[in-house]
Amino acid sequence: MAPTTAKTMAFKPNERNIFFHILTACNLSCEHCYINVEQHGKETVSRETMKEWLSLFMDPQKESNVIFLGGEPTLHPDLPFGIRTARELGYHSITVDSNGFLFHDFLERIRPDEIDYLSFSLDGPTAEVNDPIRGKGVYATCTENIRRAVEKGFHVSLIYTVSRLNIESLQLMPELLTRLGIKRFFIQVIGLRGKSAVDSTDNLQVAPDEWLSIIPDVAVNAAAMGIHVTYPKVFLAENEEFQCAGNVAENYFIFPNGRVYLCPLCEDFPINTFTIKDHKLIENPGLVEEKFFSLNIQEGCVMNKLLQPGNLAYDEEGNPTHRISCCLLKQEIQANS
Ligand code: SF4
Ligand code: SF4
């Protein structure tokens, strides 16, 4: 196996990431879907709004990156227009996160050099694992479209959301990625958001010990096979500094109803820091997510403590046994060049 290097991807002060949900509609109904129509609405942004909001968030002084999301973003017939507009405006990188269905002839309407990454979500190495989570027939459609995209020359990446339903199968993914010709792999952790938060009786979250005993090893194996792997840090080592992205980075999670969050853990609540009104970014008064970011607690991320306290454990003296990192902090593993 090729030797690998692991590093924490520090937040970059000169970077701005725009997570642009251009609609909330989706053709699938995944077990862990984080879309919450009560909070995020059912709107689809119009072509004009897409352009206005892309301009609003573009900062030429910073490395501005946009990730088009949904729902399923390829259900929006104007997604190619959004991609070209983002390029014209000078966005540094453009990514599309799709469930693999690629509606409106997406692969025919966009050239591979017009986007930096086309990211597919797949939650199992086989239909038997993936389809009970994402829907019947999804594995076949998604893998077929991955093959087509790779063949056409798109830079394809894959997101695998780890839950109790598929953690045991993660180890089989590097081999599948190699067969499909995918060079980038993002292992995501299921959070208590959207459907998972509503249906808390059916807890799909993975225990800390399980996460630590499986994910890093799979990541190293994948990296040794030449795949670039990232996954959320989740637990901080003793010598690692805690940083809240809400304080030290610029991430905007934009929804079609105009809500703009700085922290994805807050998206189930009406505590968004900004709202887009009349084409302007308005800071909301009152108890919004921003107010929580400066609270220094022993456990690390304050929103994790408030929303997912089951992730925490304490010793006999009442001290947390581990600190939880910001959910946006990533660990990166790649083969040594
Ligand atoms: S593909 Fe994404 S938006 Fe659609 S149901 Fe699944 S998680 Fe939700
Ligand atoms: S996940 Fe926690 S640490 Fe990260 S931005 Fe949200 S509140 Fe801050």
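Is glutamate 114 buried, exposed or partly exposed? Glutamate 114 is partly exposed, because 14 other C-beta atoms lie within 10 Å; buried would take 20 or more such atoms within 10 Å and exposed 12 or fewer, with partly exposed in between and C-beta atoms placed from the backbone.

Before going on, a word on the model and its labels. This is a predicted model, in which local features need pLDDT of at least 70, side-chain atom pairs count only at pLDDT 80 or more, and totals for chains, interfaces and linings use all residues. Residues are numbered from 1 along each chain as its sequence is written, while chains are lettered from A and ligands numbered from 1 in the order in which they are written.

Back to glutamate 114: you will find it in the loop between helix H4 (106-109) and strand S5 (117-121). Helices (H or I, at least four residues) and strands (E, at least two) are DSSP runs, numbered from the N terminus. Leaving aside residues up to four places away in sequence, glutamate 114 touches Ile83, Arg84 and Arg87; contact here means C-beta atoms, placed from the backbone, within 7 Å. Cysteine 266 is 152 residues from glutamate 114 in sequence and 32 Å from it in space, C-alpha to C-alpha.

| Pair | Angle | Axis separation |
|---|---|---|
| H2 (residues 47-57) and H3 (residues 79-89) | about 30 degrees | 10 Å |
| H5 (residues 127-134) and H6 (residues 138-152) | about 110 degrees | 8 Å |

Axes are lines fitted to C-alpha atoms, for helices over the stretch in contact, and angles run from 0 to 180 degrees between N-to-C directions. H2 and H3 are therefore roughly parallel to each other, and H5 and H6 are roughly perpendicular to each other; the cut-offs are under 35 degrees for roughly parallel and 65 to 115 for roughly perpendicular.

Arg47, Met50, Lys51, Leu54 and Ser55 in H2 meet Phe81, Gly82, Thr85, Ala86 and Leu89 in H3. By class, these residues are five nonpolar, three polar and two charged. Ala, Val, Leu, Ile, Met, Phe, Trp, Tyr, Cys and Pro count as nonpolar, Asp, Glu, Lys and Arg as charged, and the others, Gly among them, as polar. In the other pair, Ala127, Asn130, Asp131 and Arg134 of H5 contact Val138, Tyr139 and Ala140 of H6.

Of its 13 residues, Cys244, Cys263, Cys301, Met303 and Cys326 come nearest, where a residue counts as near if its C-beta atom, placed from the backbone, lies within 6 Å. The shell has eleven nonpolar, two polar and no charged residues, and H12 supplies its largest share, three residues.

Terms used: Two residues are in contact if their C-beta atoms, placed from the backbone, lie within 7 Å. Angles under 35 degrees count as roughly parallel, over 145 as roughly antiparallel, 65 to 115 as roughly perpendicular and the rest as oblique.
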